[in-house]
Structures are given as C-alpha cells and as structure tokens.
Amino acid sequence: MGLIDLGHEADPVLTRIVEEDKVKWWKKRNLRLLYLLLYPTCMGIEITSGFDSQMINGLQFIPKWNKYFGNTSSIVKGQVVWNVTGSLLGIISASYNLGAILAVPIVPWVAQKVGRRWSIFIGSCFQCVGAVIQCFSQNSGMYIVARMILGFGIVFCIVSGSAMLGELSYPKERPILTSMFNASWFVGSLIAAGIVVETAKIPSDWSWRLPSLLQACPSLVQIALIFFLPESPRYLISKDRREEAFDILCHYHAEGDRDSLFVKAEMVQIETTIKIELEASKLSWMDMVRTPGMRRRSFLAAAMGLYTQWSGNTLISFYLGSILVMIGYTDTYTKTMINLGNTAWSFINGTAIAIISPRYKRRTMFLTGAIGMLGVYLAWLIAVRYAVKALDAGTTNKAAGIAVLFFIYFYSPWYNIGNNALAYTYMVEIFPYAERSRGIAIEQFFVRGAGFFTTFINPIGMGAAKWKFLFMYIAMIICEILTIYFFYPETQGRTLEELAFLFEDEATAERATMAVEKEIHQGGDGPVERVEEIGEKGPTVGHGEKV
C-alpha cells in the first residue's frame, strides 16, 4: 500500500449477483454472438496498431525500402547497403503517433456526439485512406503524411473501441475482454511480420508497397461489421434513450429475459451513476482537472500512457533491426526470422497473459511486470556491452550476442503482464462514464506523445550513445515502479458503476448503491422505473474527496 489513500470502492451489490451466475458465456446464445462481433469490430482495432509497428520494423530489413527512402549508404561485406537512419527514420516511425496526437482533442467530442459505433467507423475510414496513400507514396514526405493520417484515425477507434468493450460486455467477462483488446496488437504484429518475410522476396518496390496497402484490411473489416454491433447502453442512457438501452441489456445480459432481476438492477445502477456524474460534469476538458478526484485520474492516465511507451518496448518494436546489427547480425533473412520468432513468441505469451492477468489484483500485476522489466534491462545492458566491445575490437562474442537475443525475447512476458494486458482494463475501470472517452483520450495523448518522442529519439540516441542508451530506459522503469507503488489504486472485482466514485466521498457512492439495493429488494417484480430522484442534493461528484 502506498503512503497516500488509494481510493475506495462502493458496496459490490451487483458484483455479488454476477458471482452467483455459474453459466458460462459460451452457453448463452446472445452473449456468444455479442462477443463474436466484438472481436473484429472492437478487440481487432489494435490489430492495425500491431501491424503498423511490426511493418515499420520489418521494412527496415527490406533493401528496396531502404534504397527508395534511404539517406545513407555503406559497404558491408563488399556490398553497397542503403539505410534509412537518424532523423529521417525517426520521423517516419514517429509520424503515426504525431497524427494520433492531432486527433486527441476532438475524439471524445465525436464519441459523445455520434456514439461509439460511428466514431469507430470514422476512424476506420481515415485509416483506409492513409493505407492507400502510404502504398502509392512517391517520396518520403508523402509517406510521412500517409502515416499521420493512419495515426489520426486510430485514436477514434481505440478510444471508442476500448470503451465499448467495457460498456457492452457482461461484468463477469469484462476484465478479460478489455485485456484482450491490447493482446490483439500481437495478432497484427504477427501477420505483418509474416507478410514482410514473404514480400521481402519480391524484386521490386512492391516488396514494401504491398504490406503498406494491406494495413487497410483490419479497418475494412470494422467498416463492414461495426453497425451489426449494438450501441453502448451507457451512451444511449446518457442520450435519454433508456428503452433502447434496456432492450440491449435484456437481450445480451439476460438472454432476452425482460424480467431479469440482474438487468433491472444493472439498469438502475447505470442510470443512477450516470445521472450523478452528469450533475457535476460539464462534458468539457476542464472536467479532467476540476476536482481532486479527476486530477488523480488524469494523472494516472498520463502515467499509464507514458509508461506503456517508455518502458523500453519501442526500442524492440521499431528498431530491432538496428539492435541486431549492433551485436553482429547483418544478414537480411536472419534478421527477419529473428523478428518473426520474437513476434510469434510475444503473441503466444501476450494472449495467455491477457487471459490470466485480469484474474489477479491490478497493483500486483503492474508491480510484477515492472520489476521483471527492470531485471531484464539490467541483464541486457551487461550482455550488449560485451557484444559491442567485441565487435569494436574486430571479433565477435557469440555468447554475449545470444544472451542479448535471450533477453530481447524474455522482455515481452514482463511487459505484457501489466502494461499490455491491463492498460485499457484499468483505464475503463478508473474513469466514470461521463469522462471515460476523455480519460482514454488523455492516455492516448501521452501514449502517442511518448511514442513520438521515443521513436524519433531512439535511432539518434542509439547512434550516439550505442549500448549506453539503455540506461535511459532503466531510469524510466525505476520511476514506473515508484509510481505504481505509491499511486495506483486497486480496481479488481467490481462493476464499472461500483468504481465510478473511487476517489469521491463514500456518501456519493452510497447513493448509487442504495438505488440498486432498493431495486433488488423492492422493485424486482415490476418494470424498471426511471430514476428521477437522484441528485436532489445537487452536484456532489468531486466534493468531500479524500486526499
């Protein structure tokens, strides 16, 4: 436990009802269909991000791409080798994140104005346009603009897709579904790695143009299927479309049973909580810093965004090729196969960890992952030092090179335990509905800002400091461990509404709890009544908060 109060949770009335439901989700026809639709439309969103990251990594192994955009050449083993290096490689890699940063201010407004589904549709259209321009780029400037358009679109999809997973799924499966959101990154990454291995054999510019075009495929799937998915019930309730919301909850959470006590209690909890939230919220960016509770949430979102990019993962995701050259691996085929193997391994452990990690306490998982990453980077630092020292002396240290490869592979499970598996699960849990889109957008701003910085600075830093550049990430991981220990609250085992007033006074949380208990004990035999009494005392969210 940290030195400051880490928040409190409401009485888990609805959670106890959920725990009594022993029927597995795959035995519920409607819920099964919902989850089958959620994968390609929402969970599959990060396939695009994974594809992009691995594609840029893999294209650095393709001679045609390096020659087309290359700004330097060198003689390696008697052959002229072109390279995209330094600031040009940095801006090509970072332009995706730059485009995403530009989208952050308007994405929450779009999501609240037109709904989660339309927001995903709009973002997917941007990404398709970006992929086509990227494929047919005639120069580096056009390529950079195309990647900015891709990045601009992805934020619409990530903010609404991650929120949709949390708001549509049944409470029992919600943590696993939101954890699988980031795990789909590895699906895209693995597909891209495999495609690049094959297209690298094409003796023309289509060796890099074809993967660039195929990046549009996940977005085309989302465009085709998104309107088969129901809208978020919480969004509908916020727009006073409660009957539509109730129909969706009945259909998917109670298999069509309109007399379900659980759905009636869930409906009351959502309505009550959203009404209390909206009393104090002006639905503006100022809400994110208006109260002590929201400032703490915004700080956590910023920290999460920074640490998901500044824990050393971007060094491997974008610049594995440069690292391999640093330790003596220069053959294109060898590098692509090492890259493919690491991607496949990350997919396997990332998917397994996404299923397992949400079952345990959030703080424990974040701390475990961060401490593991620190250990790996310290060991990697020692190994790469000896590998580079041998190469500088004109020899090779095979043992040190193999050790570096081992630690590169060993890094991904530790990163996936917290920063990958739980990032969006945690964001969905700590932000109440009224501010969820803005909260995730803040996280995305820092993800993309930190990603832009690291992808631009990494090639410059590695070129200037060589293996000593790893010290920067060691320092960042130490800061991450301290932040998790002192500031991350525990959120495991509660519904979203039970966590809505995590940092507010207990009286506010108790009002929502009492409304649910009233429905359970008095209103279970009749229709759900509209919540009108909530808020008689005026705005209370953010007042009387604990510090």
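Trp118 is partly exposed, with a relative accessible area of 43%; buried stands for under 20%, exposed for over 50%, and partly exposed for values in between (1.4 Å probe, protein chains only). The model is predicted, so local features need pLDDT of at least 70 and side-chain atom pairs count only at pLDDT 80 or more, while totals for chains, interfaces and linings use all residues. Residues are numbered from 1 along each chain as its sequence is written, and side-chain values use heavy atoms, with hydrogens and water left out.

**Surface patch**

- Trp118 belongs to helix H7, which covers residues 116-135; helices are DSSP runs of H or I with at least four residues, numbered from the N terminus.
- Together with Val114 and Phe227, Trp118 forms a nonpolar patch on the surface, and the three have about 270 Å² of accessible area together.
- Such patches are made of residues with over 30% relative accessible area and no salt bridge, and nonpolar side chains (Val, Leu, Ile, Met, Phe, Trp, Tyr) are joined within 5 Å.
- A salt bridge here is a side-chain nitrogen of Lys or Arg within 4 Å of a carboxyl oxygen of Asp or Glu, and accessible areas come from the Shrake-Rupley method with a 1.4 Å probe.

**Aromatic pairs**

- Rings of Phe, Tyr and Trp (its six-membered ring) pair if their centres lie within 6.5 Å; planes under 30 degrees apart count as stacked, over 60 as edge-to-face and the rest as tilted. By this rule there are 33 aromatic pairs.
- Tyr170 and Phe262 make an edge-to-face pair, because their ring centres are 5.3 Å apart and their planes stand at 65 degrees. This pair links distant parts of the chain, 92 residues apart: Tyr170 is in the loop between helix H8 (140-168) and helix H9 (174-199), and Phe262 is in helix H14 (residues 261-280).
- Tyr170 counts as buried at 4% relative accessibility, and Phe262 counts as buried at 8%.
- Phe366 and Tyr426 also form an edge-to-face pair, with 5.2 Å from centre to centre and 65 degrees between the planes. Since Phe366 lies in helix H19 (residues 362-392) and Tyr426 in helix H21 (residues 423-430), the pair ties together parts that are 60 residues apart in sequence.
- Phe366 and Tyr426 are both buried.
- A cluster linked by ring pairs contains Tyr377, Trp380, Tyr411, Tyr415, Phe469 and Tyr473.

**Charges over rings**

- A charge sits over a ring if NZ of Lys or CZ of Arg is within 6 Å of the ring centre and within 35 degrees of the ring normal.
- Lys28 places its charged end over the ring of Tyr170, 4.3 Å from the centre.
- Arg363 lies over the face of Tyr485, 5.9 Å from the ring centre.

**Helix H21**

- Eight of the eight residues of H21 are buried, so this helix is largely enclosed by the rest of the structure.
- Among the buried residues of H21 are Tyr424, Tyr426 and Glu429.

**Ser140**

- Ser140, in helix H8, is partly exposed at a relative accessible area of 25%.
- Leaving aside residues up to four places away in sequence, Ser140 touches Phe69 and Leu88, where contact means heavy atoms within 4.5 Å.
- The C-alpha atoms of Ser140 and Phe69 are separated by 6.1 Å, although the two residues are 71 residues apart along the chain.

**Positive phi values**

- Asp240, a residue other than glycine, has a positive phi near 60 degrees. Asp240 is located in the loop between helix H12 (233-238) and helix H13 (242-253), and is exposed with a relative accessible area of 53%.
- Glu255, also not glycine, has a positive phi near 55 degrees. Glu255 is in the loop between H13 and H14, and is partly exposed at 32%.

How values were computed
Patches are made of residues with over 30% relative accessible area and no salt bridge: like charges are joined within 9 Å, nonpolar side chains (Val, Leu, Ile, Met, Phe, Trp, Tyr) within 5 Å. Helices (H or I, at least four residues) and strands (E, at least two) are DSSP runs, numbered from the N terminus.
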